[in-house]
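This briefing is meant to be read with the sequence and the three-dimensional structure side by side. Please look at both before going on to the points below.

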Amino acid sequence: MATSISTDKKLDQKVAIITSASLGIGRATAVLFSRLGARLALTGRNQENLTKSAEECEAVSPYNLNPLCIVGDLTIESDIERIMKSTTDTYGRLDILVNNAGMAALDSAEDGSLASLDLVWKTNVRAVYHLTTLAVPHLIESKCSFVNISSVLGKRGKGALDQFTRSVALDLAPKQIRVNSINPGYTETNIFLTIGLDIKEIKKEASESYPLGRIEQPQEVANAIAFLVSNEASYITGETLVVDGVRTISYK
């Protein structure tokens with residue numbers, strides 16, 4: 001397991017929304033943010049998993065803060081609007097947005113479907129755009145930042161979210177809002193199950209062919225997110241930071 005960044009209150013009293021915070025990268029990010037002093041609004045579709053994340057966050061919070069949990073589906077516009085309203089009504093502000101929710105599909109040009117395309121687009125791009133537009137007025141007030149969780153596939157032809165990050169970063173820089181993207185490689189989360197892949201096979205392949213000999217852990221991605229939203233990254237914006245253990249550039 002990767003060592004997390006320093007446990008001082010780097011995000012003291014910052015209010016953060018983290019989407020898909022019930023498992024994987026989202027949960028790891030939520031727990032780290034909580035340990036760094038943040039006040040959290042956690043979203044996800046599964047109440048039980050979201051509650052588990054909140055319990056882990058409260059256990060490490062220097063203030064024993066219990067996160068606000070908002071069950072919702074980011075493909076539903078009214079749910080996105082409710083997430084933003086519930087957060088700002090509860091905390092009175094917003095400092096950080098982590099657009100972590102995403103899904104994968106194995107469709108190709110030969111066997112793809114419009115239904116699959118629409119679902120991926122609504123989850124991975126449209127929801128990010130919608131949440132961003134709702135967050136911007138609050139982030140202008142706090143002059144803070146947000147991070148989009150993309151993928152190393154953004155470097156290999158599937159880069160809508162990366163281009164969105166760059167465009168919005170340029171647009172919002174005069175407002176003192178920073179916008180960055182994290183591009184993880186294969187991370188040990190449940191996303192493999194949702195597309196029918198065996199995590200054991202992925203890990204076996206990684207042990208044999210990945211430069212570091214393993215896939216990455218959610219905590220390693222969370223550490224990068226926490227850095228980008230902290231004041232230590234105050235002059236970093238419009239960046240797409242690859243966190244993949246040099247896997248991308250090792251492809252033959």
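This is a predicted model: local features need pLDDT of at least 70, side-chain atom pairs count only at pLDDT 80 or more; totals for chains, interfaces and linings use all residues.

Which element gives the most to the lining of the second largest cavity? The answer is α4, which contributes 4 residues to that lining.

**Cavities**

- When the whole structure is searched, 2 cavities of 30 Å³ or more are found, and the largest cavity holds about 40 Å³ of space.
- The lining of the largest cavity is made up of Leu-74, Thr-75, Ile-76, Glu-77, Ile-80, Lys-122, Arg-126, Ala-127 and His-130, with α3 and α4 as the elements that each give two or more residues to it.
- Here too α4 has the largest share, with 4 residues, and by class the lining of the largest cavity consists of 4 nonpolar, 2 polar and 3 charged residues.
- The second largest cavity, with a volume of about 30 Å³, is lined by residues that include Thr-19, Leu-74, Asn-99, Asn-100, Thr-123 and Ala-127.
- In the lining of the second largest cavity there are 5 nonpolar and 4 polar residues, but no charged ones.

**Thr-75, a residue of the largest cavity's lining**

- Thr-75, which is among the residues that line the largest cavity, sits in the loop between β3 (68-71) and α3 (77-91).
- Its relative accessible area is 19%, and Thr-75 is therefore classed as buried, since the cut-off for that class is under 20%.
- The side chain of Thr-75 is joined to the side chain of Asp-73 by a polar contact of 2.8 Å.
- When residues up to four places away in sequence are not counted, Thr-75 touches Leu-119, Lys-122 and Thr-123.

**Asn-124, a residue of helix α4**

- Asn-124 is found in helix α4, which covers residues 114-142, and because its relative accessibility is 19%, Asn-124 counts as buried.
- A polar atom of the Asn-124 side chain lies 2.8 Å from the backbone nitrogen of Met-103.
- With neighbours within four places in sequence left aside, Asn-124 is in contact with Gly-102, Met-103 and Leu-161.

**Nonpolar cores**

- The largest nonpolar core has 30 residues, and those with the most contacts inside it are Ile-18, Phe-33, Leu-40, Leu-42, Ile-182 and Ile-225.
- Two or more residues of this core come from each of β1 (15-18), α1 (24-35), β2 (39-44), α2 (47-60), β4 (96-99), β5 (145-149) and α8 (218-229), and the largest share, 7 residues, comes from α8.
- Leu-42 shows how such contacts reach along the chain, for when its neighbours within four places in sequence are left aside, its partners include Ile-18, Ala-30, Leu-50, Ala-54, Cys-57, Leu-68 and Ile-70.
- Another core lies apart from the largest one and has 27 residues, among them Ala-135, Phe-146, Leu-161 and Val-179.

**The second largest pocket**

- About 260 Å³ of space lies in the second largest pocket, and of the 16 residues that line it, Lys-143, Cys-144, Gln-176, Arg-178 and Ser-234 are the closest to its centre.
- By class, the lining of the second largest pocket divides into 6 nonpolar, 6 polar and 4 charged residues.

Notes
Residues are numbered from 1 along each chain as its sequence is written. Side-chain values use heavy atoms; hydrogens and water are left out. A nonpolar core is a set of buried Ala, Val, Leu, Ile, Met, Phe, Trp, Tyr and Cys residues joined through side-chain atoms within 4.5 Å. Buried means under 20% relative accessible area, exposed over 50%, partly exposed in between (1.4 Å probe, protein chains only). Contact means heavy atoms within 4.5 Å. A polar contact is a pair of N or O atoms within 3.5 Å; within protein, one must be able to donate a hydrogen and the other to accept it, and residues adjacent in sequence count only if both atoms are side-chain atoms. On a 1 Å grid over the protein atoms alone, a cavity is a set of points where a 1.4 Å probe fits but cannot get out, and a pocket is an open set with protein on both sides within 12 Å along at least five of seven lines; lining residues have an atom within 4 Å of a point. Grid points are joined across faces, edges and corners, and a volume is the space filled by probe spheres set on the points. Ala, Val, Leu, Ile, Met, Phe, Trp, Tyr, Cys and Pro count as nonpolar, Asp, Glu, Lys and Arg as charged, and the others, Gly among them, as polar.
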